[in-house]
Amino acid sequence: GGSGDTRYFMSGSYKSNEGIVKASNFKRGTARLNLDQVLANWANISVNLNYTNSRSNEVPNGGLNSSYGALTGFIFGPNTFDPRPNEAGEFPDDAAFSNPLEVQSRFDFGQTTDRFIGDIQLDLTPFDGLSIDYTLGLDTYDQTGTAFIPRGVSTPGFETGFSRRAELSNLQLNSDLNVRYEASIRDGLTSTSLIGGTLQHESEESFNAQSQDLPPIAETVGGGTSSREFGEFRSPLTVYGVFGQQSFGLAD
């Protein structure tokens, strides 16, 4: 919609999917805004914003090096026992892999993602022959993954509980300015001058931690008393640049 010197566009969406494995799902919401505004007969500005949030509840698959996965227990575990819990709510133990039904009902794995992408563009033509363009852009991405296995499960090696948390943060920023001036020096001779500058910044940070042997009511990594592991990574990068160009036109 819009009227006069203003034009706008707004949208939103929501998506919810149930996973093919019980207790797994994925949900995502988005919001978007585009705005074009005439500030004066020589100035225009446009803004574009987009935000996305997604959340998922997951059931770990497992693998050759992860014995706590639902698929690992289903594929490689014996088919000679009933995996359903007994009247006391206890899951049977095959002594080799996870009980897939216990993984679905008692394990808590998930991910959360936030992403924002936006830019502002300013176009100026203060007088004939001069144009100024400025752009500021931002892209941020944050992801958090968590895992929790409570005490008392039948999975070998994880009977005392397990907790893990991993975070990833990524940022990209750009700021660009271009100034252009065109003039006619005399008949058949024109001049075009162009100068500009740019700033680009990128950074990525990650952190992960995990532990085992959790107290009865603890779910966080800090509660674990053994097998503690921590890791951290940082990678910032900033680039500055300027440029200039002068050209002449002779007889077209």
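S54 is found in strand 4, which covers residues 43-58. Strands here (E, at least two residues) and helices (H or I, at least four) are DSSP runs, numbered from the N terminus. The model is predicted, so local features need pLDDT of at least 70 and side-chain atom pairs count only at pLDDT 80 or more, while totals for chains, interfaces and linings use all residues. Residues are numbered from 1 along each chain as its sequence is written, and side-chain values use heavy atoms, with hydrogens and water left out.

Is S54 buried or exposed? S54 counts as buried, because its relative accessibility is 13%. The cut-offs are these: buried means under 20% relative accessible area, exposed means over 50%, and partly exposed lies in between, with a 1.4 Å probe and protein chains only. S54 is in contact with F26, K27, R28, Q111, T112 and T113, leaving aside its neighbours within four places in sequence. Contact means heavy atoms within 4.5 Å.

N48 also lies in strand 4. N48 has a relative accessible area of 22%, so N48 is partly exposed. Which residues does N48 touch, not counting those up to four places away in sequence? They are L33, N34, I117, G118, D119 and Q121. N34 is 14 residues from N48 along the chain, and their C-alpha atoms are separated by 4.5 Å.

Now step back to the whole fold. The protein has two helices and nine strands. Along the sequence the pattern reads β-β-β-β-α-α-β-β-β-β-β. The nine strands form an open sheet in the order 1-2-3-4-5-6-7-8-9, with antiparallel pairing. Strand 1 (2-3) and strand 9 (226-250) stand at the edges; each has a single partner strand, so one side of each is left without a neighbour in the sheet. Two strands pair if DSSP finds at least two bridges between them.

Follow the sheet from strand 6 onward. Strand 6 spans residues 130-149 and includes I132. Strand 6 pairs with strand 7 (residues 162-186) in the antiparallel sense, over 20 bridges. L136 stands opposite S175 in strand 7. I132 is partly exposed, because its relative accessible area is 21%. Beyond residues up to four places away in sequence, I132 touches L122, D123, L124, L177, N178 and V179. What separates the C-alpha atoms of I132 and S169? The separation is 33 Å, for two residues 37 apart along the chain.

Strand 7 leads on to strand 8. These two run antiparallel and are joined by 24 bridges. N178 has G196 in strand 8 as its bridge partner. The hairpin of strand 7 and strand 8 has two residues between the strands, and there G188 takes a positive phi near 85°.

The last pairing comes next. Strand 8 (residues 189-212) is joined to strand 9 by 23 bridges, and the two run antiparallel. F207 stands opposite E232 in strand 9.

Backbone angles deserve a look here. Most residues other than glycine have a negative phi. D213 has a positive phi near 60° and is not a glycine. D213 lies in the loop between strand 8 and strand 9. Its relative accessible area is 25%, so D213 is partly exposed. S227 is not a glycine either, yet its phi is positive, about 55°. S227 has its place in strand 9. S227 is partly exposed, because its relative accessible area is 43%.

Finally, consider the overall dimensions. The protein has a radius of gyration of 29 Å, whereas a compact globule of 252 residues would have one near 18 Å. The radius is taken over C-alpha atoms, and the globule rule is 2.2 Å times the number of residues to the power 0.38. Along the principal axes, the C-alpha atoms fill a box of roughly 95 × 40 × 35 Å.

How much of the protein is buried? Buried residues make up 23% of the 252 residues. Among contacts with a separation of 6 or more, 63% come from residues 24 or more positions apart.
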